[in-house]
Amino acid sequence: MALTEVDHVAIAVRDLDAAIAWYAEAFGATVAHREVVERDGVEEALVAVADSYVQLLCPTRDASPVARFLQSRGEGLHHVGYRVDDCAAALRRAVAAGARPIDEEPRPGSRGTTVAFLHPKAAFGTLIELVEEGPADGGPGS
Ligand code: CO
């Protein structure tokens with residue numbers, strides 16, 4: 001089994017602070033990590049749930065993929081992140097099985113992770129992110 005954990009469930013929201021406040025009020029949730037990922041045009045807030053996260057995701061610019069998602073689909077479930085031990089190997093295996101890669105090679109994600117996305121059209125309508133803890137290529141601390 002290539003997937004070791006549900007790393008996160010990502011929910012696209014229009015107002016990150018409002019979403020954080022609602023999760024706090026409704027569930028007593030606190031934010032474990034907050035980060036602007038400039039490359040993806042998003043700001044994210046991670047709420048820890050056991051060994052996984054709920055990732056609240058908000059666009060930082062109008063042309064970003066998450067901004068376009070909000071315009072066409074509205075707020076809601078955006079993608080599921082599956083934790084893997086080896087992002088490159090998991091990506092190769094999924095593509096061999098017919099998955100359509102959005103990232104041809106693993107790339108840096110938030111929290112210093114290494115990630116690759118798979119297109120929802122070839123994955124039962126779900127945008128999938130493969131998440132490996134630590135930087136790619138076996139750097140120090142990975
Ligand atoms: Co994600």
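Predicted model: local features only at pLDDT ≥ 70, side-chain atom pairs only at ≥ 80, totals over all residues.
I started with helix 3 (residues 87-96), where Cys87, Ala90 and Leu91 come up buried (under 20% relative accessible area, with exposed over 50% and partly exposed in between, 1.4 Å probe, protein chains only). Helices here are DSSP runs of H or I, at least four residues, and strands are E runs of at least two, numbered from the N terminus.

Numbering runs from 1 along each chain as its sequence is written, and side-chain values use heavy atoms, with hydrogens and water left out.

Next I checked the other side of helix 3 and found Arg92, Arg93 and Ala96 exposed. What covers the buried residues? I get a list that includes strand 5 (76-84), strand 7 (114-118) and strand 8 (128-132), going by contact (heavy atoms within 4.5 Å). At the helix start, a side-chain oxygen of Asp86 comes to within 3.2 Å of the backbone nitrogen of Ala88. After the helix comes Gly98, with a positive phi near 105°.

Then I looked up the cores, meaning sets of buried Ala, Val, Leu, Ile, Met, Phe, Trp, Tyr and Cys joined through side-chain atoms within 4.5 Å. The largest nonpolar core has 12 residues, including Ile11, Leu16, Tyr23, Val54 and Leu56. Helix 1 (16-27), strand 3 (42-49) and strand 4 (52-59) each put in at least two residues; helix 1 has the largest share, 4 residues. Apart from that core lies another, of 10 residues, among them Val84, Cys87, Leu91 and Leu118.

I also picked out Thr114, which is in strand 7. Is Thr114 buried or exposed? It is buried, at 2% relative accessible area. A polar atom of its side chain lies 2.8 Å from the backbone oxygen of Gly134. Leaving aside neighbours within four places in sequence, the contacts of Thr114 include Cys87, Pro106, Leu130 and Ala136.

Last entry: the lining of the largest pocket. Helix 2 (65-73) is one of the elements that each supply at least two lining residues, and the largest share, 6 residues, comes from helix 2.

Key. Polar contact = N/O pair within 3.5 Å; in protein donor to acceptor, adjacent residues only side chain to side chain.
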